[in-house]
Amino acid sequence: MTYIVRDQWEQHYSDGKNFRQVGERERALLAEHTSAPDGGGRALDVGCGTGGMTACLASLGYTVDACDFAESALDRARKEHAGVEGVRWLHLDIERDDPAPLREDGYDLVVLRLVYPFFADRTRILHSLGERLRPGGALVIITPVSEHTPEERRGIALDEEEIALLTVGWERTQRFDAGQLAVLILRGPCHANTRAVERQRPPSGPAATAALAVVTDEAGRVLLGRSHRGMWELPGGKTLGAERFEAAAVRELAEETGLAAEIENAYVVTMLADAAGEVPRLTAVVRITAWSGTVSNPEPEKFARWEFFDLHALACVGDVFAPAAAAVDAVWPGVIPSLPPTTSYPVAVDQPPVPGEPAEAVRLRRAMAETVIGDGWAVSAPVRDALRTVPRHRFAPEKDLKTAYDAGDVAIVTRRDEAGRATSSVSAAWLQADMIEGLGLEPGAVVWEAGSGGYNAELLAHVVGPGGRVITSDIDEYVVRRARRFTAEAGSGRVTVVHGDAAHGAPALLVPRGGFDAIVITYNCWDIAPAWKNQLAEGGRLVLPLELGGYTRAITFQRAGDVLVAEKFTHCGFVPAQGAHARTTAVADLLDGQLQLRFEDGPAGNVEGLEEALRGRRHEIATGVTMGQGFYFGSLQLYTATTVPGFCRLAVTADQESSVVQITTGSDAPAVLGGASLAYLTYVQTRHSEIREEREWEWYVHAFGDQGPALGEKLADAVRAWHRDVRGDGGRSTDPAVTVHPAGTPDHRLPPGDVVDKALCRIVVQWPGRNTLLPSPVDRVEARTASGEGM
């Protein structure tokens, strides 16, 4: 019995046929080795059939989800086990359907009885089910083995090679016999780190040329074959004489997998140069954008089988043939980590986008979009439609779908430097929507994005429509290569990806006459490059994450001649600038590194005598200003940073043995430094309650040193002024009016307000209640955004 079509299974169960009943030995093994946790557990019975194993699991104390793709099987199971409690019968094809009906919180036990050999993509299913196990959980496979199965029925059994393969990567494995069935119990992480390996016998001759075919299915999964060399490989092989690489890839695809493709749908995207032993090797990576047929195994002497793999799982599939691993990385940079170096020559080719995504991605994207829309971040129809349409997961293929479509605050880091710091990421969806809304785009607009990745550029392209155009650039060649590939794979064709340092502006040849309609910067900006204003059309909008006092806000500016006028503020955080805009913050360590003062705008301040002051008396000044649970006080931080002379940031970098300051480790606070004295702002809970809404905190200033009380009073006065003039009801404060002027603009040409001088511009901040133009620039010191700006 080797059915592969659902209709055959439906008929099988409709005819009253069964499988081998659950034996006593199986029951005993499950009871002994996979008993339910105290208080009960949750189990998943995959391919439950008529429910014999489901009833067994329920008898062991499990609440069971039992799934099968044959409705006739489930009909019989419901009738035959009507008295069994705690069972959900799910009509679900675990291999092809959206797994939405399964429990989000996972399972303590997953059982696959007499079903595993029938899966086409065994490795993918095993990995995805393993990901659903709770800590301490187990996955059990009960299967016939080849040595006890007649030749004509070997399709329902596993041989020893297959059994060995499915146990790779698990922390603990156990094997038992149950009446000529193998019972495999797998525990622990189901990850086998991917490793690029070579064949034992390298090619011979002066050189070798080959073509590898990269093929994906309707869900966007890539096809790999398990060769008898013990590794995963792409379809492909050596070229024949003067054969074109595209023709070789199409030919090998048919010979090895039975799939048919036209040469017109084959595109050489990269040439890989390396060596196998002493033999130079040149491999063409050929992207197949369309194919027909059903995957088979015409060359069983070479391959055990072919499977489609989720891209995000390619980091843990075990051994992969080195050229195949490099080819996959050429199409989707980053999906396989830690590859050996290979010289790659990308080919400029007009490859059409390749469709394909699972139903789960559609569902999760819709949910993400509705969350962002419901929270008020996407108010226009074009932005809403872009969120619902552009496949975010295809621009972060190394991440699982749930992570890719997280609607929260977590950015997906896609690139880190040698120190492990993030240098490129896919920002939170709500923030991307908010910044795009700030651009005020019209159909047909031309937009420049500085800081690439692909996804945000495609959102922009969707908003500006067929008549528009998006230029996206990045300083990192790897990020540029990645963005080019992803926009080729899943893009609109309206995005141009270029390499360059955005501090110098967009490439001149790409700047439209009259300037860009909009510009968006997606890395933290301490300064504003003159090129950004100069390349922006009059009345156009510039959105960038600007640091003021070390606090980052995504600010929407509109150009009015030589001045940029702020229109909108959003709290945010981005990766740091690189290239000409990169900068190092001056710091002063105190108390053996437990504390740190951060100075953003210049050299470190004079801290002589400050450590002695910190060991002395602490003065406390109550401001009388209170706040409730969840109040956002980000504007208070900006207010103190831009209005209080001598401003800096006090950070706690290590656990304090003596609790010198009342700041949480890893966070920081607004502070004022002067004359071996220091004052900083904190808050103290003054009203306790089990009801969150009734809790209350008061702002306090703590001060040290002879001048500490005077510094503290200045800081306290700033808090009171903010409360009086800026703080709004319901947790929403009034934003300041901000204008950006060219560097060198004399004071008398600036509007009233507090001046923040940068290297390339002068920024005037006008808070309600403060209308004094400073007679000269005031030295300002800034630091990075404190963690936890809201409570």
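**Notes on charged pairs and cores**

1. Arg 365 has a relative accessibility of 5%, which is under the 20% cut-off, and therefore counts as buried. In this predicted model, its side chain meets that of Glu 357 in a salt bridge, with an N to O distance of 2.8 Å.

2. A second pair to look at is Arg 363 with Asp 98, which form a salt bridge whose closest N and O atoms are 2.7 Å apart. Because Arg 363 belongs to helix α9 (residues 359-374) while Asp 98 sits in the loop between β3 (87-91) and β4, this pair ties together parts that are 265 residues apart in sequence. Arg 363, at 26% relative accessibility, counts as partly exposed, whereas Asp 98, at 16%, counts as buried.

3. Glu 26 and Arg 113 also meet through their side chains in a salt bridge, at 2.6 Å from N to O. Glu 26 is part of helix α2 (residues 24-33) and Arg 113 of strand β4 (residues 107-113), so the pair ties together parts that are 87 residues apart in sequence. Both Glu 26 and Arg 113 are buried.

4. Taken over the whole structure, a search finds 52 salt bridges. Besides the pairs discussed above, Arg 122, Glu 162, Arg 305 and Glu 307 are linked by salt bridges into a network.

5. Turning to nonpolar packing, the largest nonpolar core contains 78 residues, and those with the most contacts inside it are Leu 234, Leu 314, Trp 332, Leu 387 and Leu 441. If neighbours within four places in sequence are left aside, Leu 314 is in contact with Thr 194, Val 222, Leu 224, Phe 309, Val 328, Val 335 and Ile 336. There is also a second, separate core of 62 residues, and Leu 544, Trp 697, Ala 703 and Leu 715 are among its members.

6. Which residues of helix α3 (residues 52-59) are buried? They are Met 53, Thr 54, Cys 56, Leu 57 and Ala 58. The buried residues of α3 pack against helix α2 and against the strands β1 (41-46), β2 (62-68), β3, β4 and β5 (133-144). After α3 comes Gly 61, which has a positive phi, near 100°.

Terms used
Residues numbered from 1 in each chain as written. Predicted model: local features only at pLDDT ≥ 70, side-chain atom pairs only at ≥ 80, totals over all residues. Heavy atoms only, no water. Core = buried A, V, L, I, M, F, W, Y, C linked by side-chain atoms within 4.5 Å. Buried < 20%, exposed > 50% of the residue type's maximum accessible area, 1.4 Å probe, protein only. Contact = heavy atoms within 4.5 Å. Salt bridge = Lys/Arg side-chain N within 4 Å of Asp/Glu carboxyl O. Helix = DSSP H or I, 4+ residues; strand = E, 2+ residues; numbered from the N terminus.
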